[in-house]
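The sequence and structure come first.

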Amino acid sequence: MNDITIKKKLVTLHTEKENNNTPKQKYDLKLFTYILSLNFPEKYHRHECLWYYFFCMFVQNFFSTTMRKQIIILSTALLTGHILKAQEADTLKTNEDGPQLDESSFTFTESQLDEDESDSRQSTVLSSASNVFSSNAGMKFSPANYRFRGLDNKYNEVYINGVRMNDVERGYFRFSQIGGINNIIRNSDYSLPFESNNYCYSDISGSVNYDVRASKIAQGNKISASLANRTYTGRLMYTYGSGVNKNGWAFAGNLTGRYASIDGFKNMEGAFYNSLSYYIGVEKIINSFNQISLCTFGNPTMRGSRGASTDEAYFLAGSNNYNPYLGYYMGQSRNSRVVRDYAPTTILTWDNCPNDKMKVSTSAFIVYSKNSTTKLSYSGATNPAPDYYSKLPSNFFNAYNPEDSQHRTAVDLENWNTAYNYWTSSVNNRYINFDALYYANQASNINGEDAVYFMPEVHTDRLSGGVATNVRYSLGVNSALNFGGNLTRTKSMHYQTMYDLLGAKYFHNTNSYALGDYPSYAMQVQYDYRYPDKEIKEGDIYGYDYNIFVDNLSGWLAYTLDKGGFHYYAAAKASYTDMFREGKMQNGFAPNNSYGRSRKAYFGDGGGKAGVTVNLGKGHAADLGFGYEWKTPTANSVFLSPEVNNNFVKNLKCENILSGQFSYAYSGSKINANLTAYYNKITDASKWTCFYDDNEHSFSYVSMTGIEKEYYGAELGIRIKVLSNLEFLALGAISEAKYISDCNAVSMQSNSATYSQDIVASKGMREDGTPLSIGSLGISYNVKGWFIELTGNYYERIYLSFSPLTRYKNSATNKNLIDENGNFNAPEQAKGEGGFMLDGSIGKNLRLKKGSLYVGLMVANILNNTNICTGGYEQNRTDRTYNESKNQITDKAYVFSQNPKKYYAWGVNGMLNLVYKF
Amino acid sequence: MLKKFFTILAIAASIISCGEKDEDLGEDYFLDPKNFPYGNNTIVCQNIISIKELKEKYSEVISTSKAAEILDDIQIRGIITGNDIESNLANQVSLQDATGGIMLSIQDNGLFTYLPVGQEIVVNLKDLYIGGYGKMPQIGAPYNNSIGRMNKILWQQHFRILALPDTSKVKAKEINSASELSEDDLGTLITLKNVSFKDSDGRAVFAPSDTYENRFLNEQQYSTNFVVRTSGLYAKFAKEPMPQGKVDLTAVFTRYNNTWQLLIRTYSDVKVL
């Protein structure tokens, strides 16, 4: 009834607007877009409405009349809640995994999404059917952003229906692409680095293939409702799978809504969350040799971000949940960093068995990903971030060094107190004051000046398409050949738009960093010389606008053989990549080298690996694997300053990756155990970063090359089945993941476009944002339909992302780090605190007259330990200033090296799930 | 039925679409003085003295380039006439009333954002410091036995915005000869009529290097102790060429001991005749 009331209300609104003249056939779409226009704030019309509109058009036009009929069935089920009993499947088994496993996998994928702000903030998605440690580590340690072996997520590959879905430009997979469709991605095939599979040459951090064919979706209806205090506070999910009917058709659909208000009770202060995920899949089993599957899914999301801050700010705010991105505006909360993300994906898959030895799976895919983040920017004023260092008490008084008499005077102490009282006197003083930003802009309007404060929106869109084929060829009972190929073309679109002028009337497309070094009429101050001093309105592109094209053709081959007590495995791969940049602006600093296409860079890579598993009898087994490969650098490290010009990084090489692993496994009736030792060495790696360089009063683009890293360690996993319903699980890993040499850096300053070279003292730095030592002890018990689980996890050795700037060996500001013998003493890498976390879950499965109901509660961090650091970064600022004319180094009052920005783990957080299957 | 499917999507979309409120502030939002988002809106105008009276009261401290704490509960009220909008006046603004002007020295960048030219404010002086920096009168905090910049958080507690900025309230005093200038004009906005820059050849800029640059005027009456001072590192117009020929030059009139310094606020302060 509620639905009808709402609809009636909407219709009334609609008729008022349209005067009842709308032709009937256009009714729905018009109503739809109108409803959106009612509810989306003005700023989002252009993007979101269009997306949804296109989505509707797509659904409406894409499916033939017969298919449309099935969608009607699905939509009826969605609307009325009536149960539509699909025709009984007689060929396929439904997936009847226990509800506990089901719900845990929810938690796992959700936790990926929570932190998908950057590659280093994402846990590795990994599991294994054969390895106790690997099958549990990813899930158990995800609250601390555990990455397998400390490796970057670009070494972890994610496939959907056999198609590689990692972002070619950054290398890693964005989990928001499949956010909310947890029930759809349950059919997964995980593969460790030295395990064989039938979809790829598994990378050194493993791989996974999600099978989202409609026939693989569990048959029946599933509705789940959840309450949580995590990234979102409420979630509703509906999944339907028809199974395969007698005509060979299978249909599946999923709709998920997730929501959190900006002021809601959760562990991410100020981070609102709106998302609507969908999946529609259809499959036709033509005959026993051919199947065609088509599916499309997406997860349009709009959410507020959480920023890292310093320990001082967390202390002043009284909470490690403090979010410096949050502000208030006319008395209401407003988040300055709004992420919008939508990557609609469509995959057409043809499964073909030409003969009984061969199975060929071919997929064509297209992904159009739109991702953007707003941020607060400023020109000529102080950074409006509430936790900007100059607003903090320690900017006035050096609390870290009692011998610093210069910054510890009575006046300094008084200033410290003033700042301390300011921070602690009112809650508002620790957030962004948007009213003040509007006031400043109004004043600029009066004087005819450009906006002082404004909100740009940084876009990274991606259009990617291609085909992938995987072949499994049986060579008899004991051996098989798997091979495949992948051809993709990707266009990544990078640009910045003016999202909100915050009440200002004027803004121009000029480089404010360059102004002051160049006169206002100089070409150098123009971001786009073709349109000098172009006035920028909200929604306009400014600053930079370029595309990166990447073409990739790859092939792989794997051979497995079982002979005697041995399982042999050998694999090889090769690929060709080319990439180029296409500039859409003629930057004044590079008038002949920024607009239009760059040269093409070509890369060829390849590699091989081999392994053997020995069955030692009585449940004992050992395996050994070894591999060597060359890996093409990701496109985001190939260009030196892509926001400005077409220049490639010089001396760029493919990464050399050596990997080896030895593993022992025991599998008995009560005990399963694995012990693994591994070693990886990566050389000729490169990394690109950019930041504001205070010493140069300029933005700085930095490319580091010649990086050498070593990863080694040991992993242990033991599962003991004490009783048939009582189980203990112990996991542990000690790993090392560090730079073993210094590396070269080339940087470009945005105020002069000059390049400078230096050496970064990176030797000894560790991979950041993941605990390098972990341990876990858990117990699980089930009785009479109840599932209870309690796990204690321990995290240690969490490093923060190191700053290259403070480790430039030849920089004048770092001169005092050189001792009498001429050695450069690099500052120690900042670390975060680890700690203990207790997680538990309880659930019960009830069989009803019709269907089943699962009720479950998961509580993580029961002891509310909010002092576990989950990552962060050193600030790219030095503790000293250098005066060139006086050749003098002066200490700053604020000690940047003591104030890295950190993220902390959520406090006690829970999720209550109700799952009804029928 | 297909309609229903879309309706469901639409309703779901409408549920998720709320969340952020960023409709623009109403034009009249800041007409209500209690909404001024800077300064201390609890200050009540009382015990106001003129800037000239203030400078006279502390003339000894100023002329000896020292600093003194203001213990009396007094206030000054005036219009902002100069600020750091193009970064040439760094960490200071000039405040002026009918009787004269004074510099306010604040440890903050982007002062122009909340102290725009034409902004009327009242300053509660109690517990602030007054002194002379090279004999130039200014309000701030003690530094090296003289006067320096005050803490920006402290400053926020000591002033109140009285009205939205109105540039028509700012009138520079027109100067046709050096004799028309006196110490009373320090801290005020002046316009030197019909002057020209020495060394201006169409290429010479206000400040070629990253240090401060003093530029001189050709006119005899503005002799060598009279300079146009520009920050090469910070001023946005530092690399603009000095105009050739006669100009009307608007600037904040200051001193550093016995040198009279003209501080240009923006490049448009130099009007070519």
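## Strand pairing in chain B

Strand E5(B) and strand E10 (residues 159–163) of chain B pair in the antiparallel sense over 4 bridges, where pairing requires that DSSP finds at least two bridges between two strands, and B:Ile121 stands opposite B:Ile161 in E10(B). E5(B) also runs antiparallel to strand E2 (residues 75–82) of chain B, to which 5 bridges join it; here B:Ile79 has B:Glu120 of E5(B) as its bridge partner.

Strand E5 (residues 120–124) of chain B is mostly covered, with 4 of its 5 residues buried. A residue is buried if 20 or more other C-beta atoms lie within 10 Å of its own, exposed if 12 or fewer, and partly exposed in between, with C-beta atoms placed from the backbone. Strands (E, at least two residues) and helices (H or I, at least four) are DSSP runs, numbered from the N terminus.

## Basis of the model

This is a predicted model, in which local features need pLDDT of at least 70 and side-chain atom pairs count only at pLDDT 80 or more, while totals for chains, interfaces and linings use all residues. Residues are numbered from 1 along each chain as its sequence is written, and chains are lettered from A and ligands numbered from 1 in the order in which they are written.

## A tryptophan and a helix in chain A

A:Trp630, found in strand E24 (residues 620–631) of chain A, counts as partly exposed because it has 18 C-beta neighbours inside 10 Å.

Helix H6 (residues 132–140) of chain A has 9 of its 9 residues buried, so it is largely enclosed by the rest of the structure; among them are A:Phe133, A:Asn136 and A:Lys140.
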